[in-house]
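Okay, thanks everyone, I'll keep this short. Have a look at the model on the screen and I'll walk you through a few spots.

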Amino acid sequence: MALEPKTRLRLVLTAGVLFLGFVCLQFVRPPITNPPVTAEIQAPPEVKAILRNSCYNCHSNETKLAWFDQIVPAYWMVSKDVRTARAHLNFSEIGKLPEAQQKGALFEAVNEIQMGAMPLPSYRKVHPGATITPEQLAVLRNYLAPAVSAGPAKVDMAAPTANRDSDEQYAKWITASDTPLQVKPELNGIEFFPDYKNWKAISSTDRFDNHTMRQILGNDIAVKAIAENHINPWPDGAAFAKVAWAQEPDAQGAIHTGAFKQVEFMVKDSQKYASTAGWGWARWVGMDLKPYGKEANFANECIGCHNPVRKNDYVYTMPIQGGQ
């Protein structure tokens, strides 16, 4: 049945208005500029090649948009993602930082890659070539693995007094005796682990939002689980300690461990802690190791924070292992 002339005209006018509106929207474009590359990340060529292929489009000053990325409204989302990504990690500028801090930033990136969070799933759908393969992930892990097993930094006695004091505090923490500390248990009943400083370092992260540097330690059960690739789910008895210090830059821009902030624990017992996702959660704050929280159900706060990685058994920082 043929449409009446008035109906056809109305449809044509509507389509014309919509098309004109679509064309006009193409001129509403927040600019994506590429500032000069001032200090590219310092890394081996094979590592930089992976980052350039999979990360640089958002996390550098060398953004190259595909034709479909330039069409509004997709362009608006891309523009926002690029601004957010550069603010968090910019491989074109991070080279001005000490090598250890560059590796710390790359640690966080690799952790997110291992969890499937980066590159963004939505980005990978339309840019399948940016997906990082298991072989490429192994290259990144092998590059970072020495940093995991490296021992504590030596105290630089030539450093300024403030930094030397914080370095000495760190060295004292490492070499302290095994005498149990008199620390009150958490409000949920979990006892403090006085020997956690002797656990093995399995990873590290930086919190750029609150300027802290953190080392994640694992007990013997956790280390054995890593060696056997039994980490999802983690076995009962596995425990982690995440130790946080303030970042303390010196006059040369090098980052040192500053004041001790807190130590957090995750203890796996699928039956005992069934009501809290199979994990016992605990945190002690400050040099006096004061239990965190006002009520025993503070663990709900921890679960809420870790809920985005529930598919990884609620563990954010995945261990980085070379050769796997």
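This is a predicted model: local features need pLDDT of at least 70, side-chain atom pairs count only at pLDDT 80 or more; totals for chains, interfaces and linings use all residues.

Where does Ile221 sit? It's in helix H8, which covers residues 220–227. Leaving out neighbours within four places in sequence, Ile221 is in contact with Pro235, Asp236, Gly237 and Ala238. And Trp234, 13 residues apart from Ile221 along the chain, has its C-alpha 9.3 Å from that of Ile221.

Another isoleucine now, Ile71. This one is in the loop between helix H2 (45–54) and helix H3 (74–88). Ile71 also counts as partly exposed, because its relative accessibility is 31%. Together with Phe19, Phe22 and Trp67, Ile71 makes a nonpolar surface patch of about 470 Å².

Now the inside. In soluble globular proteins, nonpolar side chains tend to be buried together. Here, the largest nonpolar core has 20 residues, and the ones touching the most other members are Leu51, Phe91, Leu106 and Leu140. Helices H2, H4 (99–114) and H6 (134–149) each supply at least two residues of that core. H4 gives the most, with six.

What does Phe91 touch, if we skip neighbours within four places in sequence? Among its contacts are Leu51 and Leu106, plus Ala39, Ile41, Cys55, Tyr56 and His59.

Last one: there's a second, separate core of 19 residues, including Ile190, Ala239, Val263 and Phe265. That's me done, thanks.

Terms used. Residues are numbered from 1 along each chain as its sequence is written. Side-chain values use heavy atoms; hydrogens and water are left out. Patches are made of residues with over 30% relative accessible area and no salt bridge: like charges are joined within 9 Å, nonpolar side chains (Val, Leu, Ile, Met, Phe, Trp, Tyr) within 5 Å. Accessible areas come from the Shrake-Rupley method with a 1.4 Å probe; for residues, only the protein chains shown count as cover. A salt bridge is a side-chain nitrogen of Lys or Arg within 4 Å of a carboxyl oxygen of Asp or Glu. Helices (H or I, at least four residues) and strands (E, at least two) are DSSP runs, numbered from the N terminus. Buried means under 20% relative accessible area, exposed over 50%, partly exposed in between (1.4 Å probe, protein chains only). A nonpolar core is a set of buried Ala, Val, Leu, Ile, Met, Phe, Trp, Tyr and Cys residues joined through side-chain atoms within 4.5 Å. Contact means heavy atoms within 4.5 Å.
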